[in-house]
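Hi,

Here is the model I promised to pass on.

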Amino acid sequence: MQFKKTILLAALASSAASIAFAGVSADEAKKLGTSLTAVGADKAASADGAIPAYTGGLTTPPAGFKAGDAIRPDPFASEKPVFAIDAKNADKYADKLSEGAKALLKKNADYRIDVYKTHRTVAFPKFVEESTLKCAVSAKTTNGGRSMEGCHAGFPFPIPKTGYEAMWNHLLRFNFPSTVKYRNWNVDASGRATVSTEGNIVQEFPYWDKDKAESGIYYRQRISYTGPARRAGEAMMIIDPLDYAEKDRRAWLYLPGQRRVKVAPDLGHDTPNPGTAGASTFDNTFLFNGSMDRFDFKLVGKKDMIVPYNAYKMAYGSKAEDLFKAKFLNPDIVRWEQHRVWVVEATLREGKRHIYAKRTFYLDEDSWAVVASDEYDARGQLYRAGFAYITPSYEVPAPTPELHGVYDLVAGVYSLIAYTAETGGIRPGKALAEREWSPDSLAGSGIR
């Protein structure tokens with residue numbers, strides 16, 4: 001009897017894994033471009049008026065922007081905070097703050113969140129809006145949510161019904177091919193700030209190439225490390241597929257000491273990220289990336305939240321010596337606004353391993369990028385908190401939430417990834433030839 005029960009459970013599990021969750025009906029899709037924006041955000045203002053109605057986003061660069069430059073001036077440089085949140089008045093705004101933000105306020109009497117006027121600056125090229133309308137009725141997740149099909153060059157689930165669908169929108173957030181000279185910074189418990197990694201990144205988004213047939217790849221990056229000295233000459237390449245169940249992430253490392261390229265299957269999930277000297281995991285990158293096979297993702301709903309937003313001053317106009325303070329980023333430089341977000345809860349699946357037992361993600365409704373996250377350990381204790389500092393590239397247009405960081409609330413350290421204010425910003429680039437995405441080509445990107 002027990003044997004038959006085991007067989008039945010296995011069959012049910014296999015069936016569940018193969019279920020395909022399809023897009024919305026044609027009638028529901030009619031909301032796109034009417035009551036909803038073309039990518040699924042509520043057009044209307046919030047009830048309290050703090051979040052304005054969506055009027056198309058920011059597509060006109062400010063007067064100080066030079067065409068072709070990768071440093072984007074702050075369009076709101078003259079604005080002052082509307083109000084500030086600190087440990088004394090945090091309870092008043094508790095319902096609009098992530099658990100991570102509340103923990104930072106509770107732990108640090110001198111921490112402050114400056115809240116500015118909200119600007120819905122996210123905008124997309126016309127083809128993104130057109131493709132999203134088509135994808136809304138044709139896209140579907142398969143393999144228990146782990147894979148996606150039926151959509152190209154558009155957001156697959158502008159009206160999501162599951163946590164997996166919402167997270168696919170984040171994974172497939174619109175971006176442009178770019179070259180980035182960057183530095184990652186860590187600040188330890190003593191307050192000492194150091195560059196944990198620096199290098200050059202080429203990143204591409206084949207999924208968003210409307211002029212090419214679907215390749216099955218949505219994201220790929222090549223990194224050539226130039227520092228610190230112990231890592232100079234190393235190189236890494238990662239390729240992420242739409243079908244994780246069949247292909248999974250492919251990754252390779254070039255180590256100059258060995259003078260060879262090797263397959264690196266562990267560059268994902270909770271493997272400590274060497275780019276942050278282990279201060280975060282690989283799937284903390286962009287606050288979440290990679291396969292969704294370790295967690296069950298539940299769509300909780302939408303709510304108004306105070307999150308980092310339009311952080312141009314921080315991303316493009318700051319200096320490291322001013323930004324990186326002991327325990328937290330300088331509050332004078334970080335801009336926060338009130339925006340609507342989708343809330344997704346991720347719970348570790350039975351039988352799966354991860355250092356996080358539970359995670360909460362907050363996805364910006366206008367861009368679908370995760371802009372904040374809370375991570376809990378196996379004891380249920382809040383362990384880490386992540387924030388993405390979105391700075392829409394108004395000349396493309398694209399949301400550009402590349403700058404992001406993680407606070408370790410237990411160890412009292414924090415890291416910031418893709419800081420480019422002192423290295424030239426994020427520059428649009430041309431796609432590399434396909435041969436440049438082969439493992440053999442990776443060795444040539446090293447410098448030693």
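A word on ground rules. This is a predicted model, so please note that local features need pLDDT of at least 70, side-chain atom pairs count only at pLDDT 80 or more, and totals for chains, interfaces and linings use all residues. Residues are numbered from 1 along each chain as its sequence is written, and side-chain values use heavy atoms, with hydrogens and water left out.

**The largest cavity**

Searching the whole structure gives five cavities of 30 Å³ or more. A cavity here is a set of points, on a 1 Å grid over the protein atoms alone, where a 1.4 Å probe fits but cannot get out; lining residues have an atom within 4 Å of a point. Grid points are joined across faces, edges and corners, and a volume is the space filled by probe spheres set on the points.

The largest cavity holds about 450 Å³ of space. It is lined by 31 residues, and Ile201, Tyr219, Gln221, Thr285 and Phe286 are the closest to its centre. By class, the lining has 18 nonpolar, nine polar and four charged residues. For those classes, Ala, Val, Leu, Ile, Met, Phe, Trp, Tyr, Cys and Pro are nonpolar, Asp, Glu, Lys and Arg are charged, and the others, Gly among them, are polar.

Which strands supply at least two residues each of that lining? They are β6 (178-187), β7 (193-204), β8 (217-227), β9 (235-241) and β18 (413-419). The largest share, five residues, comes from β8. Strands (E, at least two residues) and helices (H or I, at least four) are DSSP runs, numbered from the N terminus.

β18 is mostly covered, with six of its seven residues buried. Buried means under 20% relative accessible area, exposed over 50%, and partly exposed in between (1.4 Å probe, protein chains only).

β18 pairs with β6 in the antiparallel sense over four bridges, and Asn186 stands opposite Ser415 in β18. Two strands pair if DSSP finds at least two bridges between them. β18 also pairs with β17 (residues 404-408), again antiparallel, over five bridges. There, Gly405 stands opposite Leu416. β17 and β18 make a hairpin with four residues between them, and Gly412 in the turn has a positive phi of about 75°.

**Ile238, in β9**

Ile238 lies in strand β9 and counts as buried because its relative accessibility is 5%. Ile238 and Gln221 are 17 residues apart in sequence, while their C-alpha atoms are 5.5 Å apart in space. Not counting residues up to four places away in sequence, Ile238 touches Tyr219, Arg220, Gln221, Arg249, Arg250, Ala251 and Phe282. Contact means heavy atoms within 4.5 Å.

**The two pockets**

A pocket is an open set of grid points with protein on both sides within 12 Å along at least five of seven lines. About 400 Å³ of space lies in the largest pocket. Its lining has 20 residues, of which Pro177, Phe205, Pro206, Trp208 and Asp209 are the closest to the centre. They divide into eleven nonpolar, two polar and seven charged.

The second largest pocket has about 320 Å³ of space. Of its 21 lining residues, Pro265, Asp266, Leu267, Gly268 and His269 are the closest to the centre.

**Asn175 and α5**

Asn175 is found in the loop between α5 (163-171) and β6. With 5% relative accessibility, Asn175 counts as buried. Its side chain makes a polar contact with the side chain of Glu402 at 2.8 Å. A polar contact is a pair of N or O atoms within 3.5 Å; within protein, one must be able to donate a hydrogen and the other to accept it, and residues adjacent in sequence count only if both atoms are side-chain atoms. Leaving aside neighbours within four places in sequence, Asn175 is in contact with Phe205, Trp208 and Glu402.

As for α5, nine of its nine residues are buried, so this helix is largely enclosed by the rest of the structure. Among them are Tyr164, Glu165, Trp168 and His170.

Cheers
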